[in-house]
Amino acid sequence: GLVAVFPDGSRYRLGFDAETRLVAVAGPVSLPPLARGELEARFTDFVRVRGFLLPRRTSYRLGAQALAEERALAICPDAAVSEAAFRTPALLPACVPAE
């Protein structure tokens, strides 16, 4: 893997598989008032979309506690997303189904 150290001293660990895909990342997180600690994300179920190799599944842990399992329903790595789409999700562009 690789360790990235930022100017503030925070350290993030990046894990890669035999094909050099980023499969894990871990580092400090502060989500007041909910939690603080080491957040880890693990990426699996990779698919090639428009020339990009992207994970369809992400698992999140905070310390020893599982937080969430995320599954992509659609993946559009090169779609133009406007600021308005964050307020009105119906404005998001159509994407290629992930499965």
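**Exercise 1. Serine 10**

Which side chain does serine 10 join in a polar contact of 2.6 Å? Work out its setting too.

*Solution.* A note on the source comes first. This is a predicted model: local features need pLDDT of at least 70, side-chain atom pairs count only at pLDDT 80 or more, and totals for chains, interfaces and linings use all residues. Residues are numbered from 1 along each chain as its sequence is written, and side-chain values use heavy atoms, with hydrogens and water left out.

Step 1. Serine 10 is in the loop between E1 and E2. Strands (E, at least two residues) and helices (H or I, at least four) are DSSP runs, numbered from the N terminus.

Step 2. Find the partner. The side chain of serine 10 makes its 2.6 Å polar contact with the side chain of aspartate 8. A polar contact is a pair of N or O atoms within 3.5 Å; within protein, one must be able to donate a hydrogen and the other to accept it, and residues adjacent in sequence count only if both atoms are side-chain atoms.

Step 3. Serine 10 counts as buried because its relative accessibility is 15%. The cut-offs are under 20% relative accessible area for buried, over 50% for exposed, and partly exposed in between (1.4 Å probe, protein chains only).

Step 4. List the contacts (heavy atoms within 4.5 Å). Not counting residues up to four places away in sequence, serine 10 touches Ala4, Val5 and Pro28.

**Exercise 2. The sheet and its hairpins**

*Solution.* Step 1. Read the order. The open sheet has 6 strands in the order E1-E2-E3-E4-E5-E6, with antiparallel pairing. E1 and E6 (65-71) are the edge strands, each pairing on one side only. Direction ignored, neighbouring strands are turned by 25 degrees against each other on average. Axes here are lines fitted to C-alpha atoms, for helices over the stretch in contact, and angles run from 0 to 180 degrees between N-to-C directions.

Step 1. Take E1 and E2. Strand E1 (residues 2-5) runs antiparallel to strand E2 (residues 11-16), and 4 bridges join them. Two strands pair if DSSP finds at least two bridges between them. Leucine 2 faces leucine 14. Alanine 4 stands opposite tyrosine 12. Valine 5 has arginine 11 as its bridge partner.

Step 2. The hairpin of E1 and E2 has 5 residues between the strands, and glycine 9 in the turn has a positive phi of about 95 degrees.

Step 3. Move on to E3 (residues 22-31). E2 and E3 also pair in the antiparallel sense, over 4 bridges. Glycine 15 is opposite alanine 24.

**Exercise 3. Arginine 13**

What does arginine 13 contact, and how accessible is arginine 13?

*Solution.* Step 1. Arginine 13 lies in strand E2. Arginine 13 counts as partly exposed because its relative accessibility is 44%.

Step 1. Leaving aside neighbours within four places in sequence, the contacts of arginine 13 are Leu2, Val3, Ala24, Val25, Ala26 and Glu38.

Step 2. The side chains of arginine 13 and glutamate 38 are joined by a polar contact of 2.5 Å.

**Exercise 4. Rings**

Describe the aromatic pair, then find a charge over a ring.

*Solution.* Step 1. Apply the criterion. Rings of Phe, Tyr and Trp (its six-membered ring) pair if their centres lie within 6.5 Å; planes under 30 degrees apart count as stacked, over 60 as edge-to-face and the rest as tilted.

Step 1. The structure holds 1 aromatic pair. Phenylalanine 6 and tyrosine 12 form it, edge-to-face, at 5.4 Å centre to centre with 85 degrees between the planes.

Step 2. Phenylalanine 6 is partly exposed at 46% relative accessible area. Tyrosine 12 is partly exposed at 27%.

Step 3. The charged end of arginine 21 sits over the ring of phenylalanine 46, 4.7 Å from its centre. The test is NZ of Lys or CZ of Arg within 6 Å of the ring centre and within 35 degrees of the ring normal.

**Exercise 5. Backbone features**

Locate the cis peptide bond and two non-glycine residues with positive phi.

*Solution.* Step 1. The cis bond joins proline 32 and proline 33, with omega about 0 degrees. Proline 33 is in the loop between E3 and strand E4 (35-49).

Step 1. Threonine 20 has phi near 65 degrees. Threonine 20 is in the loop between E2 and E3, and is exposed at 62%.

Step 2. Aspartate 45 has a positive phi of about 55 degrees. Aspartate 45 lies in strand E4 and is partly exposed at 29%.
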